[in-house]
Amino acid sequence: MEPKSLELHRQASSITSEDMIALFRGQVLAIRVPEFCPAEVCQVMSGRLVRHPKLAYYPHAPAIGKVMDAFYEGHSNTEKRKKYYDEVVQSAVEFRQLSWPYLNPMDHLRLILEDMWPAGANRENIHGRPMAFGLAQLFKEGACAWPHQDFLRMDEPDNHRAQMLITQVTALVYIQPADAGGHLQLWPDHYNHEEFMARKNTDIYGLNYKKIPPPSVDIMPQVGELVMADSTKVHAVTAVEAGLRIAVNCFLGFRGIHEPLTYWS
Ligand SMILES: O=C(O)CCC(=O)C(=O)O
Ligand SMILES: [Fe+2]
């Protein structure tokens with residue numbers, strides 16, 4: 001049962017620490033900021049992303065492309081992990097160029113967080129060096145993301161800094177929503193490892209829809225919209241039925257209201 005006070009999503013014209021705290025506490029499942037990134041900037045970015053030299057498709061999911069590496073991809077792969085850290089500075093520069101000469105929506109977000117959050121916001125740094133920032137994901141027709149959870153604390157059980165994370169939020173800016181499908185689904189539940197494994201599909205990474213309740217929130221993203229949701233709770237992307245879906249995203253780390261927020265991808 002969902003608590004009575006649970007708010008499904010909150011629409012805002014600006015980001016406030018009150019809204020962020022409500023999200024971290026699980027009192028609201030999503031914060032939506034319409035037109036966070038102007039449509040003309042989205043258009044510039046999508047044009048560059050589809051022909052980006054670093055656009056790569058996931059070998060296990062060829063309908064999903066990405067520009068820039070995500071930290072979790074290098075999980076338990078020393079070589080990938082090294083490449084990730086070696087390319088941090090260059091990736092940030094290249095990510096910024098995607099929107100040049102306009103303000104990059106991810107840079108805009110980090111500036112807002114730094115200005116708005118009482119203790120400011122910093123690049124995440126669990127290994128004594130800054131983590132990468134800025135990533136794009138492209139979903140072609142048929143692509144989906146199965147219900148899953150993202151939590152750096154679970155991926156890095158031996159890392160002291162990662163263990164101090166109370167929760168983690170995904171911040172997504174939709175550069176180009178799908179023409180049909182490609183909805184973001186959110187659940188209020190977080191499963192621990194045992195509970196997750198009991199509900200997992202046997203042959204794919206995500207949870208089996210038949211073993212979890214229906215989603216509480218279903219969002220059809222709009223062009224330029226910013227959506228923030230707790231990534232440690234179950235979330236999914238429904239199959240793209242028509243068009244190409246492009247989102248840029250980063251994660252935000254929360255360690256307490258007196259601690260700086262962190263961001264990484
Ligand atoms: O693209 C989306 O809407 C969600 C992708 C996702 O799983 C995430 O941001 O953690
Ligand atoms: Fe996710």
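Which residues of α2 are buried? I found Cys42, Met45 and Leu49, where buried requires 20 or more other C-beta atoms, placed from the backbone, within 10 Å of the residue's own. They lie on the same side of α2 because they cover an arc of only 70° around the axis, taken from the directions from the helix axis to the C-beta atoms.

I noted that the model is predicted: local features need pLDDT of at least 70 and side-chain atom pairs pLDDT 80 or more, while totals for chains, interfaces and linings use all residues. Residues are numbered from 1 along each chain as its sequence is written, and chains are lettered from A and ligands numbered from 1 in written order.

I then checked what covers these buried residues of α2, and the list includes β4 (61-67), β6 (135-139), β8 and β15; a contact means C-beta atoms, placed from the backbone, within 7 Å. Helices (H or I, at least four residues) and strands (E, at least two) are DSSP runs, numbered from the N terminus. I recorded eight helices and 16 strands in the chain.

For the whole chain, I read that 38% of the 265 residues count as buried. The C-alpha trace spans about 50 × 45 × 40 Å along its principal axes.

Last, I looked up ligand 1. Its surroundings include Asp150, His235 and Asn249. β8 (167-176), β13 (235-237) and β15 (245-254) each supply at least two residues of the shell.

Technical notes. Near = placed C-beta within 6 Å. Buried ≥ 20, exposed ≤ 12 C-beta atoms within 10 Å, placed from the backbone. Contact = placed C-beta atoms within 7 Å.
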